[in-house]
Amino acid sequence: MNCQLCQKNLEGYQEGRLPSDTMIQVESHLETCDSCKRIYNIQLLANRVINSEKETEVNPFLAT
């Protein structure tokens, strides 16, 4: 698998919605490619930040 194909499949890999053979190929590529691994880690971090923002509770006294 090349970098372009790996990066195209990263979102599906994170969500676990790729076919098993493609998942294995992406996993294998991430083990050997520092560039794609860095992009993958950045995407994971961004998803964590977005999910934590979604969970933030609104202050009920904000409007008063």
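1. R17 is exposed, with a relative accessibility of 54%. The model is predicted, and this value is computed from it like the others below.

2. E15 forms a salt bridge with R17, and their closest N and O atoms are 2.4 Å apart. The side chain of E11 also meets that of R17 in a salt bridge, at 3.9 Å from N to O. The E11 pair counts because the cut-off is within 4 Å. Please keep both distances in view when reading the pairs: 2.4 Å for E15 with R17, 3.9 Å for E11 with R17.

3. E11 has 48% relative accessibility. E15 has 48% as well. Both fall in the partly exposed class because exposed requires over 50%.

4. How many salt bridges does the structure hold? The count is 2. Shared partners join E11, E15 and R17 into one network.

5. Now N9. This residue lies in the loop between α1 (3–8) and α2 (10–15). Is N9 buried or exposed? N9 is buried, with a relative accessible area of 15%. The class follows because buried means under 20%.

6. The side chain of N9 has a polar atom 3.0 Å from the backbone oxygen of L5. Leaving aside residues up to four places away in sequence, N9 touches M1, L18, T22 and V26.

7. Cysteines next. The disulfide count is 0. C6 is in no disulfide, and its nearest cysteine sulfur, that of C36, is 4.3 Å away. C36 is in no disulfide either; the nearest cysteine sulfur to C36 is that of C33, at 3.7 Å.

8. What is the relative accessible area of C6? The value is 0%, and C6 is buried. C36 also counts as buried, at 0% relative accessibility. Both sit in that class because the limit is under 20%.

How values were computed:
Residues numbered from 1 in each chain as written. Predicted model: local features only at pLDDT ≥ 70, side-chain atom pairs only at ≥ 80, totals over all residues. Heavy atoms only, no water. Buried < 20%, exposed > 50% of the residue type's maximum accessible area, 1.4 Å probe, protein only. Helix = DSSP H or I, 4+ residues; strand = E, 2+ residues; numbered from the N terminus. Polar contact = N/O pair within 3.5 Å; in protein donor to acceptor, adjacent residues only side chain to side chain. Contact = heavy atoms within 4.5 Å. Disulfide = S-S within 2.5 Å.
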